[in-house]
Amino acid sequence: MVSLEFLDLSSNNLSSTIPSSLGALTSLNVLSLYQNQLSGPIPSSLGNLSNLQSLYVAENNLSGPIPNELGNLKSLTFLVMAMNQLSGYIPASLANLSNLYRLNLAHNKLSGPFPIDLGKLKSLTRLLVSNNTLSGSIPSSIANLSNLQFLFLDQNKLSGPIPTELGKLKALTNFQVSENLLSGSIPSSLENLSDLQCMFLEKNNFSGLIPIELGNLKSLTELALSNNQLSGSIPLSLANMSNLQSLYLDGNNLSGPIPIEVGNFKSLNDLDVSNNKLSDSIPPEFANSTQLQRLDLSFNNLVGEIPKEFGKMKSMLNLYLSNNQLSGTIHLELGSFQKLLLINLSANRLNGSIPVSIGQWAQIHYVPES
């Protein structure tokens, strides 16, 4: 079988270990073993498969280190080893895989620093190392990966700042570094990522202001900056993100009023600015965001009345305004919500009677008591 070029045993219930004898199949182009119950180490003999282009061993119970010998697979274009129990460092030898398009090592137990030499993989389009225990800083050499579209570094123990050089990744569409120990300010150079669609920076220690330059990311659909230490006001420029669908700024130290420009978010369906220090009144311009389904303004210092214009928000499903200093009555117009499932107005200073029009909330599931 030394002439075998394609071996696909994926999506079965195969158990035991990967035989080291597979290393003798030197004509092999594709080896696919994903979605089984294989355990034990990855044989170093796989480094002998000089013609191998695709290696898929994801979704097994493989353990131990990634063999250095895999760096000998100069023809490799896809290396997918996610969702195993692999441990140890990411071998620097993987930087020899000059034809590699996709590297997926996510959901393992890999540790140590991110190898600087991986910045040599100029053909790489996807680099996924989420959900490991990688530590140290994000190397600026990643900026050399000019074809990179997906960069997932989330759920590790990476620290230090985001390198400003990452603004050179012009092909990047998805950038995730959430749930790390990253700090410093968010680089304004990220405005150069003109094709970026999703950026997740939440659950880190970022501080300082939200860069006004982020408003130049016109392709962005999801932006998550939650649970950091960001301060200052919400930049008016964010309203320039005409394709934005989800914006999460909750759990920071943001202050000042909510910009009236929120009405410019024509595609927005989920906005969370809860647990900040926002003040002043709620802009009635929210009603212009006709696609908005979830709005969370809770746990701030907002004052004044709930805008009666909210009744025009026909797509609204979940509305959270609790734990502010809102006053006045509940307007009759709020009974116009047609799809509302949950509303929380608790811990405010509302007075007057409960409008009869609330009886029109036919689908409501939860209205907490004050």
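Okay, surface first: the protein chain exposes about 15500 Å², with carbon and sulfur atoms supplying 47% of it (Shrake-Rupley, 1.4 Å probe). Bear in mind this is a predicted model, where local features need pLDDT of at least 70, side-chain atom pairs count only at pLDDT 80 or more, and totals for chains, interfaces and linings use all residues. Residues are numbered from 1 along each chain as its sequence is written, and side-chain values use heavy atoms, leaving out hydrogens and water.

On to the fold: zero helices and 29 strands (DSSP runs, H or I of at least four residues for helices, E of at least two for strands, numbered from the N terminus). The C-alpha trace spans about 80 × 40 × 30 Å along its principal axes.

Now the rings. We get five aromatic pairs (Phe, Tyr or Trp six-membered ring centres within 6.5 Å; planes under 30 degrees apart are stacked, over 60 edge-to-face, the rest tilted). Tyr34 and Tyr56 have ring centres 6.4 Å apart and planes at 70°, so they're edge-to-face. That pair links distant parts of the chain, 22 residues apart: Tyr34 sits in the loop between strands S2 and S3, and Tyr56 in strand S4. Tyr34 is partly exposed at 29% relative accessibility, and so is Tyr56 at 23% (buried is under 20%, exposed over 50%, partly exposed in between; 1.4 Å probe, protein chains only).

Phe150 and Phe152 are edge-to-face too, 5.9 Å centre to centre with 65° between planes. Phe150 is buried at 18%, Phe152 at 16%.

And Arg126 lies over the face of Phe150, 4.0 Å from the ring centre (the rule: NZ of Lys or CZ of Arg within 6 Å of the centre and within 35 degrees of the ring normal).
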